[in-house]
Amino acid sequence: MSSITPADVEVGAKGGGGAPGRPGRVSLGGLSLNLRSSGIYIAFALIIVLFSVLTDGALLQPQNISNIIVQNSYILILAIGMILIIIAGHIDLSVGSVVAVTGALAAVLMVNMGVPWPAALLITLVAGALIGAWQGYWIAYFGIPAFIVTLAGMLLFRALTLTVLGNQGIGPFPDQVRTLANGFTDGWLGNVGLGPLGGADLFSLLVGIVAIAGMVLAQWRTRSARKGYGQAVDPLVLFALKMAAGAALILFLVVQLARFKNLPWVLVLLAALVLAYSLMANRTVFGRQIYAIGGNLQAAVMSGVKVKSVVFWIFVNMGVLSAIAGVIFAGRLNQAGPTAGNSFELDAIAAAFIGGAAVQGGVGKVVGAITGGLIMAVINNGMSLIGSPSERVMLVKGAVLLAAVAFDVWTKRRAGTAR
Amino acid sequence: MTEHILRMSGITKTFPGVKALQDVNLAVRRGEIHAICGENGAGKSTLMKVLSGVYPHGQYEGEITFEGRRCEFGGIRDSERAGIVIIHQELALCPQLSIAENIYLGNERATRGVIDWNRTNYEAGELLKRVGLRENPTTTVADIGVGKQQLVEIAKALSKEVRLLILDEPTAALNDEDSAHLLDLLRGLRDEGITCVIISHKLNEVTAIADSVTILRDGRTIETLDMAADSVTEDRIISGMVGRALDNRFPPRTPAIGEEAFRIEDWTVYSPSQPGRKVVDGASLTLRRGEIVGLAGLMGAGRTELAMSVFGRTYGVHISGRIFKNGEPIEIRTVQDAIRHGVAYATEDRKRYGLNLIDDIKRNISAAWLKGLSRRGWVNEYEEYRVAQQFRASMNIKAPGVDSVVGKLSGGNQQKVVLSKWILTEPDVLILDEPTRGIDVGAKYEIYMIINRLAEQGKAVLVISSELPELLGLCDRIYTLSEGRVTGEVPREEATQERLMYLMTKGQE
């Protein structure tokens, strides 16, 4: 097997222009790095290191990692839908209210009406889809800006929530729903000793190993196929390093979780959603069309993209994801409340923009939005661990959001003047 | 009388890679109507932008003398203060404001920051009388027609105590009656002592109204003629505009023309912004396999509008007419229909309509043909990459790789990406709108080779171009379009620039 020469890699990695000293790009020991697309991951790593130091390692304790995931799962789920909308050049301000109204609907069905929870869940998801369809219709087919439609939706669905709930919480939820929102996988295979780390759940560890194997296998197959088509790929050493880093990350996460209470169900759900939506965004015609619309709407029209239908369906999708988040949020609190989901839309939007979405649309990644959400989650969590008052947390989050978007605009402007 | 109100001498304006103006001289006598003529891209608008300060002093070379003083305008405000007002082809009025508000926009009749509405409306009314517009100054601009809006622009210019009025294609969007009124008004202003510079493609208007004419070609001054002394005719102007030798800038080709491939009949399109205005009027075209057909027309003739309305109704309203492919009637209601029927349209404005500039080459090439590169909704990225590599080689797209971002490529390479994108859809009919606009000479030759190759493969190609030599060098047959109507169909052997220009400027009877 002939390995790809480093020269090939350089051609592939240099990307456009080929002009020396391209802005937003640094060279580290021969590895060219695109700051604009990878800056977010570097920033995430730095923030984790920072708070690990500030909290004397409390940030990365098993229970705390579990908390970060469970407490922010619904925001991350919303961020997945939001990034698609933002890539297409739209916005959704209503998701917080949709979370509330779908949570309330689930509560009414499950608690008040005694509908079996799987059926109730399904009905709730369909309701979320209908809400998305309602907004998508006005935006895509009627031509009202998404900002306005979803601002109206924010009020409408909050009003609907209050009407349904009559200004009081409904609960408690069935155990299964609570488990999904707040629970962990069972220790089906018992514990194993990990030496000084103590006992850990074998099942969780196995899931982690399977995940690592799956990741390596999929990446390897992609790499082989690319080579088969004559594309430039990372040299074997770099590939191995990347895989090792990814494996170490997953392993660390899983071991810590296995030492605490096993895998949170929402993590399993979240992982599945991230995987599915990343593939959808990158590899499907539909996903490509979302990027095309955001990148240049008129060019997309002239290329035969059914713009209206694509925009409609990403709002339907947002509705469904909001409904999932709504059920999980209500299940976690074990009650559907009238103020549920307040300002969730802002967190989801911030996650998308911190995660590298472009203000004008056309740019963004699902993984980026998740990372953006996690950055905010770690800041929240880390600052509360060191006892910062909430106003300071808010201040820092605001500054981070502004800095992230300013960085994006700045790199773009540099690229523009260099042209 | 030979006193000159304006002298521009040695004006040179360079854009990255292109010399738009080269040592241009313009001398305008006080109190005359001075026309500027030239093909699209000859540099007329650039020259006027230099004059009005859109391109401020320092961004061009050369000297401007106005009213005997050397001028170094830093912006439009400077030139307006000197008394030079330019009225652009696209009117710069706020449609939701009233006539009076528009006239005094940025120049409000105010005392200590508070607008005196009585004075505003009264003085606006006086100006409207001067330009012969019978409308209430409080009428919203959106409620009056384009012709009247043009008059409001002139009233606005008069409010600034204009001494040199520049009009860029003032009658392009007007009907005959409004045009006649406008020309009368200009004569009246001349009698009041206001000097006018008018850019126009309508040579009959130029000969009717102008006192002298300056002809530009390829960014250079060709000549300035005194209409009366030199007894200038339309033909005289045309020969000045096109007088350029054809060199062998075109690759050789032996046409092999086959059956009829595509035909449109009685195609009529109305403007979406100006109700009732026909942008394309009863046009009929036939394209045959292996044939390169040209479509010539001046700006505003409706070339792009015709092409886009055929291509999935992406322009215009109330479109009527019939389309035949291989003799069979077909319906093209959407871009998807057009692609399915093997019709491709490569836009004249590739940055706006043709490319996703922030995405890479391969994804731009695949953008119109994702269905063909996917199975059950999943894009075969490897195949996409392979196809893109193929086009990069066959079209000679100069880029480090197909992962390169399209926005960073040169114009010629961007155009090759656009062409690749449409060739990938395996079309039988290609409409190429200004395929060499903004491209350097070497890349043009390559684009011509590509076009020839497409024709050799038996595809029918329609080339829309403002450059007559390009059409003469490339096409087997050339249609001319004027004011939305097909005014001629000239085979290659009989086509000359003069004949085409005559047909392109032929007004409606």
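**Chatting through chains A and B**

Biologist: Where in chain A is A:Pro172 found?

Modeller: A:Pro172 is in the loop between α6 (146-165) and α7 (175-182) of chain A. Helices here are DSSP runs of H or I with at least four residues, strands are runs of E with at least two, and both are numbered from the N terminus. Bear in mind that this is a predicted model, where local features need pLDDT of at least 70, side-chain atom pairs count only at pLDDT 80 or more, and totals for chains, interfaces and linings use all residues. Residues are numbered from 1 along each chain as its sequence is written, while chains are lettered from A and ligands numbered from 1 in the order in which they are written.

Biologist: OK, which residue does a cis peptide bond join to A:Pro172?

Modeller: A:Gly171, with omega at about -5°. Most peptide bonds are trans.

Biologist: And phi? Which residue of chain A other than glycine has a positive value?

Modeller: A:Asp56 is one, with phi near 55°. Its place is the loop between α2 (35-54) and α3 (62-87) of chain A.

Biologist: Is A:Asp56 buried or exposed?

Modeller: Exposed, because A:Asp56 has 10 C-beta neighbours inside 10 Å. The cut-offs are 20 or more other C-beta atoms within 10 Å for buried, 12 or fewer for exposed, and partly exposed in between, with C-beta atoms placed from the backbone.

Biologist: What about B:Glu434, buried or exposed?

Modeller: B:Glu434 is buried, since 23 other C-beta atoms lie within 10 Å. Phi of B:Glu434 is positive too, near 45°, and the residue sits in the loop between β21 (429-433) and α15 (441-456) of chain B.

Biologist: Switching topic: at what angle do α10 and α11 of chain A pack?

Modeller: About 70°, with the axes of α10 (265-283) and α11 (285-295) 5 Å apart. So α10(A) is roughly perpendicular to α11(A); that label covers 65 to 115 degrees, with under 35 roughly parallel, over 145 roughly antiparallel and the rest oblique. Axes are lines fitted to C-alpha atoms, for helices over the stretch in contact, and angles run from 0 to 180 degrees between N-to-C directions.

Biologist: Which residues meet there?

Modeller: A:Met280, A:Ala281, A:Asn282 and A:Arg283 of α10(A) meet A:Phe286, A:Gly287 and A:Ile290 of α11(A). Contact means C-beta atoms, placed from the backbone, within 7 Å.

Biologist: Last one: how many residues does each chain put into the contact between chains?

Modeller: Chain B gives 33 and chain A gives 29. The largest share of chain B's side, 4 residues, comes from α13(B).

Conventions. Two residues are in contact if their C-beta atoms, placed from the backbone, lie within 7 Å.
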